[in-house]
Amino acid sequence: MAEGLAGRVALVTGASRGIGAAVAVELARQGAQVVAVARSKAGLEETDDAIAAATGRNATLLVLDLRDGAKVDAIGPTLAERFGRLDIVVGNAGLLGRLGPLTHLPEKDWTDLWAVNVTANWHLMRTTEPLLRASDAGRAVFVSSGAATKARAYWGPYGASKAALDHLVKTWAAELAITPVKVNAFNPGPVATRMRAAAMPGEDPATIPQPADVAPAIVALCRPEETRSGEVVSFR
């Protein structure tokens, strides 16, 4: 399977750590030219070092805050100018937000959560669609959560945002049904990330999958031979 994505350009958001970083490395291992997006320059440089160590190649690093819609809108034109193509989008960036009673959440926390988990991905869909349509096998995967379908006390804003993302993914897939583009959501389940540690501080991270464990399953949805679209694919 190595080098099976050679010649393809892949964009990964939230690529400075956790699942996003692991997916960026796995895409590079399989031959893709990776464009890694995150707010943290230092984190992106660590991801780039891991890619270089694994492949001898470097990623393209894009430092930006996904809450800035104008900057997200510029991604498509920028990649068109730089590479002339885009074949893969992995929308991984997300916020957990503040866990607590729904009616106690400060408005800024609500606004930031939806800006990253929902609105940024809508901007990402808009800006990358022309390039994905131009690809012979455009693929897009957005990282969801089991919280999207389980209404749990104190998880309301996060769960609602992931449910909204799932709906956007399924709608976009339906709109692209007559094209070669395939769009899916991916529910990784519990994974040992910084977000998971914040939500479950008493959990032993050694007892759950690591980001590198789930990355190949996400990358599999990015391959040209993938035929599913409009689904929420679960790791477990």
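A: **A helix and its surroundings**

Helix 6 (residues 156-175) has 20 residues, which at 1.5 Å a residue should span 28 Å, and the 28 Å between its end C-alpha atoms agrees with this. The expected span is 1.5 Å times one less than the number of residues. Helices (H or I, at least four residues) and strands (E, at least two) are DSSP runs, numbered from the N terminus.

The model is predicted: local features need pLDDT of at least 70, side-chain atom pairs count only at pLDDT 80 or more, and totals for chains, interfaces and linings use all residues. Residues are numbered from 1 along each chain as its sequence is written, and side-chain values use heavy atoms, with hydrogens and water left out.

The buried residues of helix 6 are P157, Y158, G159, S161, K162, A164, L165, D166, V169, W172 and A173. Here, buried means under 20% relative accessible area, exposed over 50% and partly exposed in between, with a 1.4 Å probe and protein chains only. These buried residues pack against helix 5, strand 5 (139-143), strand 6 (182-187), helix 7 (194-199) and strand 7 (232-234); contact means heavy atoms within 4.5 Å. In the loop between strand 5 and helix 6 lies Y154, whose phi is near 80°, a positive value in a residue other than glycine. Most residues other than glycine have a negative phi.

Strand 5 is largely enclosed by the rest of the structure, because 5 of its 5 residues are buried. R139, V141 and V143 point one way from this strand, A140 and F142 point the other way, and all are buried. With strand 4 (residues 88-91), strand 5 pairs in the parallel sense over 4 bridges; two strands pair if DSSP finds at least two bridges between them. V89 has A140 as its bridge partner in strand 5, and V90 has V141. On strand 4, I88 and V90 point one way and V89 and G91 the other, and all are buried. Strand 4 is also joined to strand 1 by 3 bridges, and the two run parallel; V12 stands opposite V90.

These strands belong to an open sheet of 7 strands in the order 3-2-1-4-5-6-7, with parallel pairing. Strand 3 (60-63) and strand 7 stand at the edges with a single partner strand each, so one side of each is left without a neighbour in the sheet. Neighbouring strands are turned by 20° against each other on average, direction ignored. Strand 7 runs parallel to strand 6, to which 3 bridges join it, and N187 has S234 as its bridge partner there.

Helix 5 (residues 107-134), one of the elements packed against helix 6, also meets helix 4 (residues 75-82): their axes come within 8 Å and cross at roughly 30°. Axes are lines fitted to C-alpha atoms, for helices over the stretch in contact, and angles run from 0 to 180 degrees between N-to-C directions. Helix 4 is therefore roughly parallel to helix 5, given that angles under 35 degrees count as roughly parallel, over 145 as roughly antiparallel, 65 to 115 as roughly perpendicular and the rest as oblique. I75, G76, P77, L79 and A80 in helix 4 meet L124, T127 and L131 in helix 5. These residues divide into 6 nonpolar, 2 polar and no charged, where Ala, Val, Leu, Ile, Met, Phe, Trp, Tyr, Cys and Pro count as nonpolar, Asp, Glu, Lys and Arg as charged, and the others, Gly among them, as polar.
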